[in-house]
Amino acid sequence: MRLLVAAATTFELDIFTSHLRQHFQEINENHFCKENLEVYICITGIGSMQTVFSLMEAMTIYNPHFCLQAGVAGSFNHETALGSLVIVREEMLGDLGVDDHGRFRDMFEIELMNPNEKPYVKKKLVNMFQDFPMRLNLPYVTGITVNTVSGSNNLIGHRSEYFDCDVETMEGAAFHYVCLKKKVPFLQVRSISNYVEPRDRSKWQMKLAIENLNEWMIANLPES
Ligand SMILES: O=C(O)c1cccc(C(=O)CC[C@H]2O[C@@H](n3cnc4c(=O)[nH]cnc43)[C@H](O)[C@@H]2O)c1
C-alpha cells in the first residue's frame, strides 16, 4: 500500500517521522518503506492554497492508495478534552462568502454555488469512504476550514451557529476537496490543541496534542 501522510507543519509529525526513520527503510527524507507499506510524508504548509498545491503535486508523484491528513485543531465544544483526537468526517469552508451589511452569507446561500454539485453534498465535503486501512476508533466531528482563525466572541458564536461545527482548522476542507475530486480514499485526524476562543496561547496544549496524535498514528499504521 502507498500511504500519503499530509500535515501542515513538520512539527506536527516529528515523532511519527522519527518512528519511520527507526523502523522503516528511508528511501529519502519524505519516503519510507517497510515490506509492502510505502509511506510518503507531505508537508503542505499552512492554509488551503498551499495544501491544494502540495497535495496535487504529491499525489501526481506518488499515486497513493490512501491519504491521511494529521494535525492539530481548535474545538468549539469545551467538553472535548484538549489533547483528544477526532476524525473530521464533514468539512465546510468557514469564511468563503460575502459580508452582507454585517451578516456573513456563504456561497450557497447567495446561490453562487450549488449545494449538491459534486463533490459537495448538502454544502459539505463529506468523507463517505468505507474501507479504511486504519481503525476508526475515534469520534466523528464536523469541521470548518478558515483563512482567519476565529478569535473574538462575536465571530466564534456566529461561525459555530451558522455552520453547526465542532472543530476549526486551516486546511481540512482543502484536503477533503482534493481527495474527493481525485477519488482517493482519505481520513482527516485532528488532535485538539485549543478551544476556539479569544486568542490566548498560554491555554493551548500543543505539545500534548501532538504527542497524542503521533502516538495514535504509530499505533494505527496499516500493516501493509
Ligand atoms: O497564534 C495563534 O493565534 C494561532 C491560531 C491558530 C493556529 C495557530 C498555530 O500555530 C497552528 C496552526 C495550525 O493548527 C491548526 N489549528 C489549530 N488550532 C486552530 C484553530 O483554533 N483554528 C484554526 N486552525 C487551528 C491549523 O489547521 C493550522 O495548520 C496559531
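A: A polar contact is a pair of N or O atoms within 3.5 Å. The model examined here is predicted, and the distances below should be read with that in mind. In this model, an oxygen atom of the ligand lies 3.4 Å from an N or O atom in the side chain of Arg190, so this pair falls within the 3.5 Å cut-off. For the side chain of Arg201, the distance from an N or O atom to a ligand oxygen is 2.9 Å, while for the side chain of Arg199 the corresponding value is 2.2 Å. Of the accessible area that the ligand has on its own, 560 Å², the protein covers 86%.

The ligand takes up the space of the largest pocket. Strand E5 (66-75), strand E11 (167-169) and strand E12 (186-195) are the elements that each give two or more residues to the shell around the ligand. That shell has 16 residues, of which Glu168, Glu171, Asn194, Arg199 and Arg201 come nearest.

Arg159 belongs to helix H3, which spans residues 153-163, and it counts as buried because its relative accessibility is 6%, where buried means under 20%.

Key
Residues numbered from 1 in each chain as written. Predicted model: local features only at pLDDT ≥ 70, side-chain atom pairs only at ≥ 80, totals over all residues. Heavy atoms only, no water. Helix = DSSP H or I, 4+ residues; strand = E, 2+ residues; numbered from the N terminus. Buried < 20%, exposed > 50% of the residue type's maximum accessible area, 1.4 Å probe, protein only. Near = heavy atom within 4 Å. Polar contact = N/O pair within 3.5 Å; in protein donor to acceptor, adjacent residues only side chain to side chain. Areas by Shrake-Rupley, 256 points an atom, 1.4 Å probe, with all protein chains shown as cover. 1 Å grid on protein atoms, 1.4 Å probe; cavity = no way out; pocket = protein on both sides within 12 Å on 5 of 7 lines; lining within 4 Å. Sits in = over half its atoms within 2 Å of the grid points.
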